[in-house]
Amino acid sequence: MKEWRKKYSDLIEAPLEEQDGPKSREELDEMKMPYEDYCRAAFAPGHEMGKPESLKGIRWMSTTMYIFTPHSVSNLAELGAEVYKFEMPRMGDPMKHTSPFNEAYLYPLHDTRPMTGTGYGFLNANPNEYWVSMDYHLDDMKEAFYRIVKMSDGLTECYRPGTFDRWKQSYRYLLELNPRFIYVWGGGFGYGPKCFGGSYDILGQAHAGLASVTGHHDFMGGHCTKHSNWCIDWYSGTQITFGILAAIHWRRKTGLGTMIEFSQVQAATRCLGHAAPLYGRFGIVRQRWGNWDTQLCVHGIILCGKSDFPDAINPQDKLEARYAMISAFQDADFKALCDVIKKPDMYSKYTKHKDRVEGESQVEIYTALEDWAKDKSRAEVVRILQTEGLLAEPVMNDREVYENEHYRMRGTVRWMDDPCFGDVLQHGSYSAGLLSKTPRRLYWIWRPVGGDNVKFYHELLGYPISKIKEWYDKAWI
């Protein structure tokens, strides 16, 4: 016993907080929890408001429009930053006037435009921000603009290159006012020969080469395809957020601000994976390959013969609920798949993965799979394959995602009580990277144009109400 105590004296005599293992009954109970229960307790969806915010104390300015750059700032707001969104007086962010079919009458826009509103297309890009109207290019509003710069940590803007420089609001001017200032410009091409070219999501997808490899091959009757969602806008915005967080970390170490220049088109190029190296090494231009994978087989989406909801009124249920994802690229899994569809000869022909991943082989294999599935529904295909231990899942539509128990449990889809607009169904914000200690949260989705003018001009900057009314009457705010 003495020898044992001597050998482990560093552990025995160490303070309790430095020793391994649980320090309390609560920690012991936590360690005994099944993993699923532990995760539910750690992340506690629905209880975000009682936890601290990781970016509390950061104040950010946003002179952004549409989706791409606004999303880069909204990420900060969801993590606790105090964000002020500046819009042009009366009009607001142009994205407010969009909706699935341009029917922007769903939510109030402004008291001077009672017959218009804000459409669904504007959802999710600007949550938790304070809404300020300001024509910031006017000389008369420069003092207010510069005053908030001195009080803020950074600014994100999306105007054509050099526009803010002409207005004396670019990084080299604002740096003189606030050396700790972080300045973000997000645009289409970035500096270079195409510097002044504007950009939208579709241009990013097209000009970066992404659309050229999206869609079905010509022999399938396909053509290059634009993703129907603004995926490059959302992706680019998230990439900018990473840059901002890195700049904040750099400033904590050095005390200095920085400028971030971001090209939306180059963000889409980054999504191309092996396309550029493939051309650089072999001179091969990557082709479109539809719902199949160029490096794994079987690893794709097939069309089943019957819908899971043949009597549904909604056409997306009745006609589109027919696709299933299948993955069986390991040799043993492929053999099991061939046995299920009663094609043992196909396994004999393509025993090795290097043989079945070839383009001609995939055409034959997926044709056989869809021929097997032509008299089956999506649910039948998934059930049969899962019973055999193969990976298969349905391609779900929005309604199915909304009703899915897994997403509900994680807080991916939930209703919120917006202070202006009441019940709004939100998705993704809470569970986009679950954080146990400092989770994202939503306070509101947006506000009408100028909804926080009094808070900003009077309470924060100290201007009298009479001055605010004067500026409003002149349409400066």
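Which residues does Asp452 touch, not counting residues up to four places away in sequence?

Analyst: Asp452 touches Glu129, Tyr130, Trp131, Val132 and Arg447, with residues up to four places away in sequence left out of the count. The model is a predicted one, so these contacts are computed from predicted coordinates.

Start with the position. Asp452 is found in the loop between β13 and α21. Its relative accessibility is 8%. Asp452 therefore counts as buried, since the cut-off is under 20%. One of its contacts is also polar: the side chains of Asp452 and Arg447 are joined at 2.9 Å.

The side chain of Arg441 meets that of Glu53 in a salt bridge, with an N to O distance of 4.0 Å. Glu53, Lys56 and Arg441 are linked in a network of salt bridges.

Now follow the chain past the loop. Helix α22 spans residues 465-473 and includes Ile465. Ile465 touches Val454 and His458, again without residues up to four places away in sequence. Ile465 and Val454 are eleven residues apart along the chain, and their C-alpha atoms are separated by 7.6 Å. Ile465 has a relative accessible area of 47%, so the residue is partly exposed.

Next, the cavity. The structure holds one cavity of 30 Å³ or more. About 40 Å³ of space lies in the largest cavity. Its lining is formed by Phe43, Pro45, Glu48, Arg410, Arg414, Tyr430, Leu434, Leu435 and Pro439. By class, six of the lining residues are nonpolar, none is polar and three are charged.

Arg40 is partly exposed, with a relative accessible area of 41%. Asp37 is partly exposed as well, at 37%. Across the whole structure, the search finds 26 salt bridges.

Lys85 leads on to strand β1. Ser62 lies in that strand. Lys85 is among the contacts of Ser62, along with Val73, Val83, Tyr84, Phe86, Leu155 and Thr156, once neighbours within four places in sequence are set aside. Ser62 has a relative accessible area of 0%, so Ser62 is buried.

Then the second largest pocket. Its space comes to about 540 Å³. The lining has 27 residues, and the closest to the pocket centre are Met65, Tyr66, Cys158, Ser199 and Tyr200. Three elements, α5 (68-78), β7 (182-187) and α9 (201-207), each supply at least two lining residues. The largest share comes from β7, with three residues. The lining divides into 14 nonpolar, nine polar and four charged residues.

Finally, the chain as a whole. The secondary structure comes to 22 helices and 13 strands. The C-alpha atoms fill a box of roughly 85 × 80 × 50 Å along the principal axes. Of the 477 residues in the chain, 43% are buried. Asp452 is one of the buried residues. Among contacts between residues at least 6 apart in sequence, 67% join residues at least 24 apart.

Back to the part you asked about. Asp452 is a buried loop residue. Its side chain makes a polar contact with that of Arg447.

Definitions and conventions: Residues numbered from 1 in each chain as written. Predicted model: local features only at pLDDT ≥ 70, side-chain atom pairs only at ≥ 80, totals over all residues. Heavy atoms only, no water. Buried < 20%, exposed > 50% of the residue type's maximum accessible area, 1.4 Å probe, protein only. Helix = DSSP H or I, 4+ residues; strand = E, 2+ residues; numbered from the N terminus. Polar contact = N/O pair within 3.5 Å; in protein donor to acceptor, adjacent residues only side chain to side chain. Contact = heavy atoms within 4.5 Å. 1 Å grid on protein atoms, 1.4 Å probe; cavity = no way out; pocket = protein on both sides within 12 Å on 5 of 7 lines; lining within 4 Å. Points joined across faces, edges and corners; volume = space filled by probe spheres on them. Nonpolar A, V, L, I, M, F, W, Y, C, P; charged D, E, K, R; others polar.
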